[in-house]
Amino acid sequence: MAKENSSHSLAEAKRKRLTWILCVSGLCILSYVLGSWQTNTVPTSSSEAYSRMGCDETSTTTRAQTTQTQTNPSSDDTSSSLSSSEPVELDFESHHKLELKITNQTVKYFEPCDMSLSEYTPCEDRERGRRFDRNMMKYRERHCPSKDELLYCLIPPPPNYKIPFKWPQSRDYAWYDNIPHKELSIEKAIQNWIQVEGERFRFPGGGTMFPRGADAYIDDIARLIPLTDGAIRTAIDTGCGVASFGAYLLKRDIVAMSFAPRDTHEAQVQFALERGVPAIIGIMGSRRLPYPARAFDLAHCSRCLIPWFQNDGLYLTEVDRVLRPGGYWILSGPPINWKKYWKGWERSQEDLKQEQDSIEDAARSLCWKKVTEKGDLSIWQKPINHVECNKLKRVHKTPPLCSKSDLPDFAWYKDLESCVTPLPEANSSDEFAGGALEDWPNRAFAVPPRIIGGTIPDINAEKFREDNEVWKERISYYKQIMPELSRGRFRNIMDMNAYLGGFAAAMMKYPSWVMNVVPVDAEKQTLGVIFERGFIGTYQDWCEGFSTYPRTYDLIHAGGLFSIYENRCDVTLILLEMDRILRPEGTVVFRDTVEMLTKIQSITNGMRWKSRILDHERGPFNPEKILLAVKSYWTGPSS
């Protein structure tokens, strides 16, 4: 009996000891979870997001936002919610046992550049361009600064700069103080490009060849080719002016890559981007356009002044490269309808007829079919494959087909060649070369033909779908840390390392567009896939400046970018370039390792940015972290 009592007492003691151990362990775990939650709770409101990042409220910002509220009550008054609290850093050591060697780090503050550089575009500087040949417009192409010309200062916004109007109001209005140029309102007054109304610009939607407005002009095109059934999604507008053509295509679910050079017509592309319309500085010169082959469903030229007939139709050959099988080329303006306009164009009938004949010959040599010519519009269509064209080329050998060793997607500083880019092989005359595309919007999530065909190494349909799921999760998390994302605060967005375009696809439901940038140094060149999904983008070497004006993007996403470039060029210069193209109060999302993000943060602290490092959307144990940064509002001095 005594033995049984002894055994019972021993068992009871063991139970009590086990219960005590479990209780202590539970309390420890609860303390850790509560501590982690308190340190790293995701902000749930706009004011909390900015407060948590410690954006200081300054007298300059307050004055500027007071003015903004009075003049534009529809815009977001984000600065009114800024707090003077200091940012609280995450304790990464408790999560990951990392030893961050950042002790007494001195912040290097960057001074503003001179106000004369307020509209500085580093690789399209007109003074530098004068050093280059005028033949084939080489002097207006990209020519980036040498090492001794690089700027280590902040490009200043003009005095009285205001946050742009929100979309869709921005399509029709912009603040004069943001782009103080009246030249176009005078030079193009009768063509209704742009008008000055007090402290605002108004964009009536006019153009040289569409006096009734871009909307009516597009309706004219829609009577000739299908624009609303989803077959046409991506367009390229050469010599775009202020991009009214692209602006009014958007309501038809067509997104255009509009481009124009930086020339005597001041700030065309800057006006376009201020309106919230996709655009980029560019020109058809001696090099390929920075887009892959078979990228666009439609190409457009409305009196774009490109000499299509010169150099044996070399520029049309480049349009053929970037046009997808079955795509359309639309031309209005000289020499189309020359019998009606030749006197006004101050050219002879013979000269204009010869020009049109040359264009017709060049189009036939590319195997294009003339769809129609009606009024001021002439439309051609590219064949869906080269089955018949290959037979024709045996007879008409000029221009020849390019060599199969030529990389048709390679387009970064690549000289134009007088040869036709061959389409992928087709088995029959009714097969789309390279694979048929789904109609929009199904195209956005359908597996792109380049992936189906296995042309992107190590990327298959399963990985494509996985990437889409990853981005759904990320955007859901971004909405928590950036509530403005779902409120229409960000119109012009850039993804600096776009990969498969998953970010752009996940953003489709918001009133925004994404410039998908594929770095030329990326492991996989995926820009062709992005275009096949119905999105736009460009190639870029981030050791150089981007072809845009200052203050043209609201949100920039940089995922894994700096791990690519940290050993290629000065990371500081990339961050200064991001500051140049980011609007005041714009936001940047960095994704990278803790070490890289800490290095980035130490530089952006000297650029008047406020930032905070946050955990990955899947929790604190993921080694990738997020740096959320906001550019402060400030302006240059009044002259």
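Tutor: What follows takes the helix pair and then turns to the loops.

This is a predicted model, in which local features need pLDDT of at least 70 and side-chain atom pairs count only at pLDDT 80 or more, while totals for chains, interfaces and linings use all residues. Residues are numbered from 1 along each chain as its sequence is written, and side-chain values use heavy atoms, with hydrogens and water left out.

Helices and strands are DSSP runs numbered from the N terminus (H or I and at least four residues for helices, E and at least two for strands). The pair consists of helix α19, residues 571–581, and helix α20, residues 594–604, whose axes come within 10 Å and cross at roughly 60°. That angle makes α19 oblique to α20, where under 35 degrees counts as roughly parallel, over 145 as roughly antiparallel, 65 to 115 as roughly perpendicular and the rest as oblique. The axes are lines fitted to C-alpha atoms, for helices over the stretch in contact, and the angles run from 0 to 180 degrees between N-to-C directions. The crossing of α19 past α20 is right-handed, meaning that the near helix is turned clockwise from the far one by less than a right angle.

On the α19 side, V571, T572 and L575 make the contact, and they meet K599, I600, I603 and T604 of α20, contact being heavy atoms within 4.5 Å. By class, this contact has four nonpolar, two polar and one charged residues, with Ala, Val, Leu, Ile, Met, Phe, Trp, Tyr, Cys and Pro counted as nonpolar, Asp, Glu, Lys and Arg as charged, and the others, Gly among them, as polar.

Turning to the loops, N460 lies between α14 (449–452) and α15 (461–481) and is partly exposed, with a relative accessible area of 35% (buried is under 20%, exposed over 50%, partly exposed in between, with a 1.4 Å probe and protein chains only). The side chain of N460 reaches the backbone nitrogen of K463 at 2.8 Å.

Note on methods:
Polar contact = N/O pair within 3.5 Å; in protein donor to acceptor, adjacent residues only side chain to side chain.
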